[in-house]
Amino acid sequence: MITYSDYKRFYAESGLFTLNSVDYTGYVEVLSGVPYTATELDITSKCSTLSSLVGVPLERQSTYKTDLLCSDFFFDRGINDIVELPIPLEEILIEANDFLNYNLLESKLTKIKTNTIYTYSRCFMTGALLPVSDNVKYAGVLSASQTTLDLFAGSNYSTLPFGSTNNFLELDGIRGFAPVNYLEDDSKAVIFAFTSTNLISLSCSDQSIGVIEISPYYQTQVAENTLSFFNIGGIATIGKFLYVTDTGNNNILKYDIGGYIDGDTVLSNKRNLVEIIGGKGLAVDEVLFNEPKEITAGNNYIAVNDSKNYAIKVFDLDFNFIAVINSINFKREPLAALEYNRLTNYLYVLTYSQQKTKLYIINDCFNVEESYELPFILQVGEVINNISFSYNNSNFFYISTNYAIYKLLVNKPGNRKGVYQTNKILSNIKSPASQVTATYVISGGQTTIVQDPNSLWNYVDTYYDNAKFNWETNTPSITSIVTQGASIQTTTTTIPASYTTSVYSDVIVGYRLTPQSDDTDKVFFITNSRIYYFKEPNIYKSVLKLDNFDSYGANFTLNSSEYIQGSSLNKEFYKVIYDNINLKNNLVGRFTGAYNNLDIFVFTDYNYNIDLSLLLSDSIEEYYIHDNEKNLAGVFNRFIRNIYDLQLKIIALTVTDKGDDIVPVYNTTTGQSSNTLIIE
């Protein structure tokens, strides 16, 4: 099994760590509990690999958040988690035959501290409403005659689908993409995208976005080379290299794209073909393929979905064959996506079968280390696009489908943390007014709409199975009768342009992240009408007045040669008592909220319906050793029980108040309450 706490990467704000006694702000890597400055992620340099190398050791400050970030725990509490202290009371209590010495006391107090850190971690939950950022930018076009892309912010839904303009028709066919930051400026990027037969490159900055190249050719810089892509299956970038699979020609191509990102004026915006491998072959053929599709690049390897051979082939970054992964039955569970987690060097593989999505995590020995059934069921027509990992926090990753973007935890992939809200990003979009045709039924003098495919409301999901009704109620006048029956007349009418406009829905074609120098990820995703990009932080909901405060329990100062007596123990007890009571005094309520119609728990506000006086029923003096008490082991156990009980009460008072969960509805067929409404 994977020990996820062996490696952590996150952005540390001021007050958590120091470097040479100076306050440190920036990215931190924690290896087996030891914090280091994080080396810059080398995804834009001229070297061909990306690696997280150990930097300079950092000094830890005595705060709760510092202790948590360097511990085995994460900010990973789920709404429905059953919370239990990681170390049970029996392991902390001193037994009758234990010899009370320095080592035993240190061990027991360390276990109490572990439970304290865990209790603190349960006071946070990841917000489910995404994206967090309000500064969402996207590029689109307003008229069919435009020759440049416009940049918008906010919720302007007047853009056209790319397919409605000849100048950007190819952008409507984008099937996937990979963004790469500029070398010296992470506010700028190049987006490499592909259609079935075209390789596309786009320049992207906070001020503008533009098309660099749309080309069907393997190499555009050589006039004599007219070899074209037959059917592009996937692309991936690592360092200054771009890898492309040509499914139709059974080839994999490697390009040097350094000229796009390193400021070299000679090679500026030129892709130089480095090497091609391929040809048609079997799974046992090392460098031959049968329709290679998805491809991903990691620190040391590239992995390719050899789709019709039902295997993943792994190469080093110079196309030297490494291994074949065929331990997953891709015939029974078709591969949906694959991606290297570049922070951990694990390969993530998604399969989809019978409405179930499974995740396989493959280690450096190319064996399946873990597998999970993911916590969502795809809708009819929903297709997985890709996986993308956060660089801002090593414990988050995303799965994109054509309908939604799901946020999950690396250390708990079976727990969904959030879904992008369509009302904040995507929307049903109106294109220019036009005359459209709709069908109506007339019965008993009443006119009711049967179908208006261009009604805005008919494109809003009802979120119930088998819902058989339309939203449109404003029926225009009938102008012509097409057919007539005994009691029902079917009529077709032309709706004036002033009545309605045609409507289409945005479809997501991919979601990718690039690292930033601040505490955000740069988000890129593309739909059939827009190219979005913005900065996205990872934030948490908290039930504490202060998100962080001083901690003392880690500073164990009892000397190994010091005599074990009441006074020496009390100074250590004080630190533990202080930490836990400080945590209790910062607690303001419990998590509260309700599920929306997408089955997403939306946090509202703190629930103050708690009695904080219940947290500490004993006098604080009951925690200490008194002068007349000789049984130190018994007194120590009393202290442990009091602290343990306090921690349990703190956790109990943070349990999520979910109200009625999802309001039940009643089906006409069974009369039983259900979360699925069936209308007949």
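## Terms and model

A residue is called buried when its relative accessible area is under 20%, exposed when over 50%, and partly exposed in between (1.4 Å probe, protein chains only). This is a predicted model, in which local features need pLDDT of at least 70 and side-chain atom pairs count only at pLDDT 80 or more, whereas totals for chains, interfaces and linings use all residues. Residues are numbered from 1 along each chain as its sequence is written, and side-chain values use heavy atoms, with hydrogens and water left out.

## A buried pair, E339 and R512

E339 and R512 are both buried, and they form a salt bridge (a side-chain nitrogen of Lys or Arg within 4 Å of a carboxyl oxygen of Asp or Glu) whose closest N and O atoms are 3.0 Å apart. Because E339 lies in strand 22 (residues 335-341) and R512 in strand 36 (residues 508-515), the pair ties together parts that are 173 residues apart in sequence; strands (E, at least two residues) and helices (H or I, at least four) are DSSP runs, numbered from the N terminus.

D67 is buried at 4% relative accessibility, and K113 is buried at 9%. Salt bridges that share partners join R60, D67, K113 and D579 into one network.
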